[in-house]
Structure formats: structure tokens, C-alpha cells
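Student: Could you take a close look at one part of this structure with me? I'd like to see how it sits in the rest of the chain.

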Amino acid sequence: MDRSKLVAIITGAISILLAIAYLLLVQFLDFRGEMIPAPVSQLPQGVEVVEGYLMQEVPLLR
């Protein structure tokens, strides 16, 4: 068996193993149940925007 066929077989086997691992991961995540969003009442209601603030000057390091 020449080198190119061996490399093709090895990369194919790695590809199949990655595909099986991905399917197992997806099945595990799906098995955990339905994804329920966080209640809206516990989320922050908004961000207060403060206008007209004074920026403090920072001296440059030398």
C-alpha cells in the first residue's frame, strides 16, 4: 500500500470519528431538555444614560 492511500485511510477514519463525536455531543445536548429563556422579570429593565458629564484629564506617562 503506498503512502497516499494510507494517508487517505487515516484521514477518513479521523473524519468518521469526529463525525461520531459530534453526533454524540448533539445528542447529549438535546437530551438535556427544552431550552427555556430566562424570565423577563429578572432581566435589567434598561440602562440609564447620563449626559453632560465632565471627563477628567489624565496626564500622559513619560
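Which residues make the nonpolar surface patch of about 650 Å²?

Tutor: This is a predicted model, where local features need pLDDT of at least 70, side-chain atom pairs count only at pLDDT 80 or more, and totals for chains, interfaces and linings use all residues. Residues are numbered from 1 along each chain as its sequence is written, and side-chain values use heavy atoms, with hydrogens and water left out.

Okay, the patch: M1, L6, I9, I10, I14 and L18 make it. Areas come from the Shrake-Rupley method with a 1.4 Å probe, and for residues only the protein chains shown count as cover.

Now zoom in on L6. It counts as partly exposed because its relative accessibility is 45% (buried is under 20%, exposed over 50%, partly exposed in between). L6 sits in helix 1, residues 3-31; helices (H or I, at least four residues) and strands (E, at least two) are DSSP runs, numbered from the N terminus. Just after helix 1, G33 has a positive phi of about 115°.

Technical notes: Patches are made of residues with over 30% relative accessible area and no salt bridge: like charges are joined within 9 Å, nonpolar side chains (Val, Leu, Ile, Met, Phe, Trp, Tyr) within 5 Å. A salt bridge is a side-chain nitrogen of Lys or Arg within 4 Å of a carboxyl oxygen of Asp or Glu. Buried means under 20% relative accessible area, exposed over 50%, partly exposed in between (1.4 Å probe, protein chains only).
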